[in-house]
Every structure is written in C-alpha cells, then in structure tokens.
Amino acid sequence: MESEFFDCHTHSEFSACAEDVTLQKYTEIARTTPQAFAVTDHSAHICYPPDKRWGFWTDDAAELFERSREQARQCVTQYIEATRRAQCGGMLIGIELDVLPDGRIVFPEGLLGTLDVVLGAIHSMPTLRHERPLEEIEAEFRLQVEALARHGMHVLAHPFRLLLSNQVPVTDELLEWTVRMAGQAGFSLEINSHQQFHEYDLRMVRMALERGIPAAVGTDSHRLAEFGDFSYHVAILREAGLTEQQWQSHLWRPPRPAREAAAG
Ligand SMILES: [Zn+2]
Ligand SMILES: [Zn+2]
C-alpha cells in the first residue's frame, strides 16, 4: 500500500451507498498501516431521515431538510462522536458536504468547523433532472461551487462527475472558471478514482498545476477493494508531467492542526 498519498475521500456505513467499508475496518487499517486518510461520509445521507435517505436527490430536498433540521443535528453529532471514537493513526474525520439548490449547505449550523476535512460535492442538480438548457445547468453548477467555497470547503470532490455522467459537455470555459475559482477561494481539486474521467481529470490537473493550485487525491472508497489503490492518481500525475519527487509539493494535505491532532 502506498502511503505517500493522503486519501482525502472515503466512505463508511454512514453513507447509504457504502458497501463493505466500515469504521471498524478503517480503525484496523489505521492501526496497522501508515496510510493517512479522511472518512468523509455524505452529509445528505446523515442529515435526511432514515426513511428518506435519498430525499436530497428529489425536488423536495429543501422542504425535507427544513422539516428534519433537529434530527439532522442529532445525527451529525452522532456521526462526529462515532468517527472520533474510531479515530487513530493517520485517520482524520471529515464530511462530503452537499448543498441545496438555493445555496444552503446540508449541515447543521456551527458544526462544520469541528471537522478536519471538508469536501464539497455537487451530487444533485434540479436543472439536470429537468433537462434545462446548458446555460442554466452551468449557472447552477457555478452557484453550488460558490456556495461550497463560501462555507470553506477544502477540496471540491469529483468536480465534473455529475455533469459528465449525465452526458453534459464540460466546456473549456467552465473548466477554466472552476480552476480560477479554486485559486481565488483557496480550495483544491480532487482526482477521484471511484469514477474516472481521464481526459477531463488530466486537463483539470494540468491547468491547476500551471496556476499553483494543489490537486487532491481521493479514492472515494465505497468498497474496501478501492481503498489504498492510487494507480489512477499516479497515472494522471505522471501524464500531467509531475515527477514523483514533485508530488508532495503539489498535492493537497489537510491543514496542519488536524494532522497533529491525529498524530497525537
Ligand atoms: Zn461524491
Ligand atoms: Zn464520495
């Protein structure tokens, strides 16, 4: 298992789409290997009620979230307590943060700052569901990225997955806007191996590196078999022209206090 990478993105049983990954397994891995990583479950799966775990992916997302605010706070608190109890070795605790179409984050107020790693992700876009024109889809994409940036995300997870998996073309202009935004707002862009978009990832990484923006490495593990496999990241970084000696200085690492807390 390669340990020079920090895996910013893994899931546990707190995500409805996780398969055999569990906090218990991560604890074993953290105890027995030098691999550093963050557990980053989906905020929408934690915040929506158990019988509506996919409620965020519907047109009732905002209303359902509003109705389950109190329960969401309890569930997020339980998530943070459980993951902190499991934390050891190189394990950090984070979240994969969702944002509602109106720009509000799917997370209770005041708790985001207690986490080590905040990934922002675009998982649901009403304009896509309703097959709106490309300019409306792009506008919604920008709005969600800006909202996540305002809330201090460290890394934009799989930046173009939702668009590309819905056969929406990612224009050079949108790619450039995203990289520019990352530079201005100070977030990193993830190379995500769970669903691979080689051509776009390579273009994004090249553009980011040219502008001094670090790339983040994420396996987005939903299955244990994905954990620790950095072959895709290595391929992208090499093709982008980075030698192994350059990886450490060009890749995103979590803020120092979080790492020190984990080490202690
Ligand atoms: Zn995601
Ligand atoms: Zn994920």
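User: Which residues count as contacts of Arg161, once its neighbours within four places in sequence are left aside?

Analyst: Happy to start there! Those residues are Asn192 and Gln195. Two residues are in contact if their C-beta atoms, placed from the backbone, lie within 7 Å. One caution first: this is a predicted model, in which local features need pLDDT of at least 70 and side-chain atom pairs count only at pLDDT 80 or more, while totals for chains, interfaces and linings use all residues. As for labels, residues are numbered from 1 along each chain as its sequence is written, and chains are lettered from A and ligands numbered from 1 in the order in which they are written.

User: Is Arg161 buried or exposed, and what makes it so?

Analyst: The label rests on a count of other C-beta atoms within 10 Å, with C-beta atoms placed from the backbone: 20 or more is buried, 12 or fewer is exposed, and anything in between is partly exposed. Arg161 has 20 such neighbours, so it counts as buried. It lies in helix α7, residues 161-165; helices here are DSSP runs of H or I with at least four residues, strands are runs of E with at least two, and both are numbered from the N terminus.

User: What class does Glu19 fall into, and why?

Analyst: Glu19 has 14 other C-beta atoms within 10 Å, so it is partly exposed. Glu19 lies in the loop between β1 (6-10) and α1. Setting aside neighbours within four places in sequence, Glu19 is in contact with His222 and Arg223.

User: What makes α6 and α8 roughly parallel or roughly antiparallel?

Analyst: Helix α6 (residues 134-150) and helix α8 (residues 172-185) pack at about 15°, with axes 11 Å apart. Angles under 35 degrees count as roughly parallel, over 145 as roughly antiparallel, 65 to 115 as roughly perpendicular and the rest as oblique. The angle therefore makes α6 roughly parallel to α8. Angles run from 0 to 180 degrees between N-to-C directions, and the axes are lines fitted to C-alpha atoms, for helices over the stretch in contact. In this contact, Glu138, Arg142, Val145 and Ala149 of α6 meet Leu174, Trp177, Thr178, Met181 and Ala185 of α8.

User: How does α1 sit against α4?

Analyst: Helix α1 (residues 23-32) and helix α4 (residues 69-86) pack at about 30°, with axes 9 Å apart. That angle makes α1 roughly parallel to α4. Here Leu23, Tyr26 and Thr27 of α1 meet Ala82, Thr83 and Ala86 of α4.
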